[in-house]
Amino acid sequence: MSIDVRDTQTEVHLEAAAEKAASRRGFLLALPSWLYLILFFAVPLVIVFVYSFASRSSTGLTRLERWNLESYRRLFDSLVAEIAFRSLVLAIATTVICLIVSYPFAYYIATRRPLVRNVLLVLVMIPFWSNFLVRTYAWRVILGTDGPVSQLSQAFGGEPIRLLFTVPAVLIGLVYGFLPFMVLPLYAALERMDWSLVEAARDLYADGWTAFRKVTWPLSRPGVVAGSILVFIPALGAYVTPAILGGAKTTLLGDYIVSQFLAARNQPFGSALSMAVMAVMLAAVIVYFRSGARNL
């Protein structure tokens, strides 16, 4: 009996040593990623957080010795509220339009044979092969007064159309830029769905709309949640698209924050804006995940 006890203790020690060794190997493998996140994410985030409490001199210098909440008080100014509301509306509109356009397309891709499916997925990913800045400038040409849209209007006897530097132009650019981020999660959710459940619903005399509402939509909801988050968050803080396709009346939070750092040289206020946007995004993600987890 004593021999069995010693053997059991030896096995326990060996298992513990193996677990420690595996944990040590995992830590060493993850160490480069941890260092990267600390150096290029955590440290800059701490710097921005500290600068948000600093003060700004009349010459534009940032003084760290005079901490205050003045920059956070400015967040409630009417101009900031107007820009934040415009950014929120455009981000929500971008997310909704991307979802409406992407869902039928993702459904179509998921129900095709493998060869057609792969070709369509490549077409979705083709925009990633070119620079986002170049693609946005292409829309600047398309939406300008000399672009194809305006020329087509004049060909039919209409007036020249200038969509550039308007809210619709920014919305078009945002939808175009973030559409693949909605298509791919939706496709992943629909592709791994158990389609026999849809067939069972149809066998039980459910029409197409009822089968979609009761089976397909609930099973694809994780893709809807993931795609909406991937579109809403970058759309809320977008900078390149509003800066190129928008004008003075279409300033969004992203380019307003950049203007505080570069043009106004007001680093404390720009830092406070950045922290506020990050807090709103984090809260939205937490609420979205919790509500999605309850409904899945």
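Colleague: Before we start, what should I keep in mind about the numbers?

Modeller: This is a predicted model, where local features need pLDDT of at least 70, side-chain atom pairs count only at pLDDT 80 or more, and totals for chains, interfaces and linings use all residues. Residues are numbered from 1 along each chain as its sequence is written, and side-chain values use heavy atoms, with hydrogens and water left out.

Colleague: Okay, how many Å does helix 9 span between its end C-alpha atoms?

Modeller: Helices here are DSSP runs (H or I, at least four residues), numbered from the N terminus. The expected span is 1.5 Å times one less than the number of residues. Helix 9 takes in residues 208–236, and a straight helix of 29 residues would span 42 Å, yet this one spans only 35 Å.

Colleague: Where in helix 9 is the kink?

Modeller: Look at R221, shortly before the proline P222: the kink there is about 50°. The bend is the angle between axes fitted to the seven residues ending at a residue and the seven starting there.

Colleague: Which salt bridge does R86 form?

Modeller: The general idea first: side chains of opposite charge can pair when their charged atoms come close. The cut-off is a side-chain nitrogen of Lys or Arg within 4 Å of a carboxyl oxygen of Asp or Glu. The structure holds four of these. R86 pairs with E82, with the closest N and O atoms 3.1 Å apart.

Colleague: Why are R86 and E82 separated by about one helical turn?

Modeller: Because they sit four residues apart in helix 3 (residues 78–110). An α-helix has 3.6 residues a turn, so residues three or four places apart point the same way. R73 and E70 in helix 2 (residues 70–73) are three residues apart, and their closest N and O atoms are 3.3 Å apart.

Colleague: And R86, is it buried or exposed?

Modeller: Buried means under 20% relative accessible area, exposed over 50%, and partly exposed in between (1.4 Å probe, protein chains only). R86 is buried at 18%, while E82 is partly exposed at 44%.

Colleague: What about E191 and R117?

Modeller: Their side chains meet in a salt bridge at 3.7 Å, N to O. E191 lies in helix 7 and R117 in helix 4 (residues 114–125), so the pair ties together parts 74 residues apart in sequence.

Colleague: Where is F165?

Modeller: F165 is in the loop between helix 6 (148–155) and helix 7 (167–191). F165 has a positive phi of about 65° although it is not a glycine.

How values were computed: Helices (H or I, at least four residues) and strands (E, at least two) are DSSP runs, numbered from the N terminus.
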